[in-house]
Protein chains: 2
Amino acid sequence: MADDLFKALADPTRRTILDELAEKSGQTLFEICSRLSMKHQLGISRQAVSQHLAVLEAAGLVETRREGRYKFHDLNTAPLRHITERWLERGAPGPEESTP
Amino acid sequence: MADDLFKALADPTRRTILDELAEKSGQTLFEICSRLSMKHQLGISRQAVSQHLAVLEAAGLVETRREGRYKFHDLNTAPLRHITERWLERGAPGPEESTP
DNA sequence: TTGATAGGCAAGTGAACACTTGCCTATCCT
DNA sequence: AGGATAGGCAAGTGTTCACTTGCCTATCAA
């Protein structure tokens with residue numbers, strides 16, 4: 001749960017993808033690829049970006065919708081809103097993992 | 001900068017250490033070790049915890065002070081406060097990496 | 001139908017990471 | 001002094017992770 005979220009945020013390329021989706025919502029895979037290449041000089045393959053998007057989607061940060069042969073990606077910032085309160089708020093921290 | 005912070009938060013054991021330091025500030029290495037073992041059933045070596053603390057310190061999340069043979073660890077939540085605003089605030093995302 | 005476009009699946013590779021083991025230094029107490 | 005306590009350094013190991021390569025499916029336009 002929180003694990004997927006923090007792991008998704010751990011990679012700089014994924015954070016840049018979130019930046020791009022925050023700037024323009026509803027981008028396709030190819031659109032994101034071009035932007036990473038053009039604006040950020042990231043020489044990265046389409047499959048790599050696709051895998052990053054899968055990680056972001058598993059974390060709930062990206063939602064997708066299919067229309068014909070296009071798949072649009074939208075940013076969902078909801079999971080981000082309260083992830084730090086765990087340490088910012090004084091009180092019970094609340095354990096995360098029970099069985100390692 | 002932000003890279004160290006997100007990488008530090010990516011590990012569940014490190015997040016648990018932050019939980020413990022949020023609950024009780026100024027703990028020593030051995031104190032943190034016992035708590036991880038007792039409260040969280042984490043069978044982890046002292047050196048592993050020490051390495052985690054080094055990562056957290058590099059991220060600015062933990063600050064240390066030496067007193068004699070004791071080294072006390074304090075939580076610093078300052079780096080956590082604005083890490084999500086980058087995507088929550090509408091506006092310029094601001095690039096992170098310029099030269100990979 | 002043919003070709004082009006948009007995307008998916010899966011195996012393989014190299015590097016980063018979490019963790020251990022073994023030994024060493026420093027401080028305190030008796 | 002000598003043992004005990006608190007911590008540090010460094011090499012080694014196994015796993016995870018980011019990324020590539022190669023091939024395959026689906027939709028649309030001519």
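Q: What covers the buried residues of α3(A)?
A: Start from the helix, then look at what packs over it. This is a predicted model. Here the cover of the buried residues of α3(A) includes α2, α4 and β2 of chain A.

Q: Which residues of α3(A) are buried?
A: They are A:Ile32, A:Arg35 and A:Leu36. These residues lie on the same side of α3(A), because their arc around the axis covers only 100 degrees.

Q: Which exposed residues does the face of α3(A) turned away from its buried side carry?
A: That face carries A:Phe30, A:Ser34 and A:Met38.

Q: How do the elements of chain A run from the N terminus on?
A: Read the order before the packing. The run is α-α-α-α-β-β-α. That comes to 5 helices and 2 strands. Chain A has 100 residues, and buried ones make up 26% of them.

Q: What share of contacts in chain A joins residues at least 24 apart?
A: Count contacts between residues at least 6 apart in sequence. Of these, 51% join residues at least 24 apart.

Q: Which residues have the most contacts inside the largest nonpolar core?
A: First the general idea. In soluble globular proteins, nonpolar side chains tend to be buried together. In this model, the largest nonpolar core has 31 residues, and A:Leu56, A:Leu61, B:Leu56 and B:Leu61 have the most contacts inside it. Helices α1, α2, α3 and α4 of chain A, and α1, α2, α3 and α4 of chain B, each supply at least two of the core residues.

Q: What is A:Leu56 in contact with, leaving aside its neighbours within four places in sequence?
A: Its partners are A:Ala8, A:Arg14, A:Ile17, A:Leu61 and A:Val62.

Q: How many residues does the contact take from chain A and from chain B?
A: Read an interface from both sides. The contact takes 26 residues from chain A and 27 residues from chain B. On the chain A side, α1, α2 and α5 each supply at least two residues. The largest share, 7 residues, comes from α2(A). By class, the side of chain A that touches chain B has 14 nonpolar, 4 polar and 8 charged residues.

Q: Which residues are the closest to DNA strand C?
A: List the surroundings, then sort them by element and class. DNA strand C is surrounded by 21 residues, the closest being A:Thr28, A:Leu29, B:Ser45, B:Ala48 and B:Gly68. Two or more residues each come from α3, α4 and β2 of chain A and from α4 of chain B. With 4 residues, α4(B) gives the most. The classes on this surface are 6 nonpolar, 10 polar and 5 charged.

Definitions and conventions. Residues are numbered from 1 along each chain as its sequence is written. Chains are lettered from A and ligands numbered from 1 in the order in which they are written. This is a predicted model: local features need pLDDT of at least 70, side-chain atom pairs count only at pLDDT 80 or more; totals for chains, interfaces and linings use all residues. A residue is near a molecule or strand if its C-beta atom, placed from the backbone, lies within 6 Å of it. Ala, Val, Leu, Ile, Met, Phe, Trp, Tyr, Cys and Pro count as nonpolar, Asp, Glu, Lys and Arg as charged, and the others, Gly among them, as polar. A nonpolar core is a set of buried Ala, Val, Leu, Ile, Met, Phe, Trp, Tyr and Cys residues joined through C-beta atoms within 7 Å. A residue is buried if 20 or more other C-beta atoms lie within 10 Å of its own, exposed if 12 or fewer, and partly exposed in between; C-beta atoms are placed from the backbone. Two residues are in contact if their C-beta atoms, placed from the backbone, lie within 7 Å. The arc is that of the directions from the helix axis to the C-beta atoms.
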